[in-house]
Amino acid sequence: MVTVDDVRRVALPLPRTTEHLIRDRVKFRVGAIVYVAFSRDETMMGFAFPKEEREGLIASDPSKFLMPSVSDQRFNWVESWTAALDPDEMRELVIDAWRMVVPKRVAADHLGL
């Protein structure tokens, strides 16, 4: 099971990332763009993910990934159950979500690409 603290250890060292508590929900963002957010009870983690690849991810493991709420489906976003994620998978999802919201140069410099 992945916790907010696990995600915090991955997200906060990423350049330009800040953590915020908004309406009792932990969110990680770059500027005004949220790239990871937790439900109030921390059982779900939403993260930035390309809309055109969303259905494929969900179909690959529907017990782990699900569509965001109808109001959030217009965004590049997917939801996941924290209990179903393993630490390596969470790390990859968080870093990929962060890469979607920072300039390519920032990501390349940080990741050594």
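Are Phe 47 and Phe 65 buried or exposed? Both Phe 47 and Phe 65 are buried, where buried means under 20% relative accessible area, exposed over 50% and partly exposed in between (1.4 Å probe, protein chains only). The structure is a predicted model, in which local features need pLDDT of at least 70 and side-chain atom pairs count only at pLDDT 80 or more, while totals for chains, interfaces and linings use all residues. Residues are numbered from 1 along each chain as its sequence is written, and side-chain values use heavy atoms, with hydrogens and water left out.

A pair of aromatic rings is described by the distance of the centres and the angle of the planes. Rings of Phe, Tyr and Trp (its six-membered ring) pair if their centres lie within 6.5 Å; planes under 30 degrees apart count as stacked, over 60 as edge-to-face and the rest as tilted. A search of the whole structure finds two such aromatic pairs. In one, the ring centres of Phe 47 and Phe 49 are 6.1 Å apart and the planes stand at 90°, so this pair is edge-to-face. Phe 49, like Phe 47, is buried. In the other, the centres of Phe 47 and Phe 65 are 6.3 Å apart with the planes at 75°, so this pair is also edge-to-face. It links distant parts of the chain, since Phe 47 lies in strand β4 (residues 44–48) and Phe 65 in strand β5 (residues 65–66), 18 residues apart. Helices (H or I, at least four residues) and strands (E, at least two) are DSSP runs, numbered from the N terminus. Phe 47, Phe 49 and Phe 65 form one aromatic cluster.

Leu 57, in helix α2 (residues 51–60), has 14% relative accessibility and therefore counts as buried. Leaving aside residues up to four places away in sequence, Leu 57 touches Phe 47, Phe 49, Phe 65 and Val 78, contact being heavy atoms within 4.5 Å.

Helix α1 (residues 4–11) and helix α3 (residues 87–101) pack at an angle of about 50°, with their axes 10 Å apart. Axes are lines fitted to C-alpha atoms, for helices over the stretch in contact, and angles run from 0 to 180 degrees between N-to-C directions. The helices α1 and α3 are therefore oblique to each other (under 35 degrees is roughly parallel, over 145 roughly antiparallel, 65 to 115 roughly perpendicular and the rest oblique). Asp 6, Val 7, Val 10 and Ala 11 in α1 meet Met 90, Arg 91, Val 94 and Ile 95 in α3.
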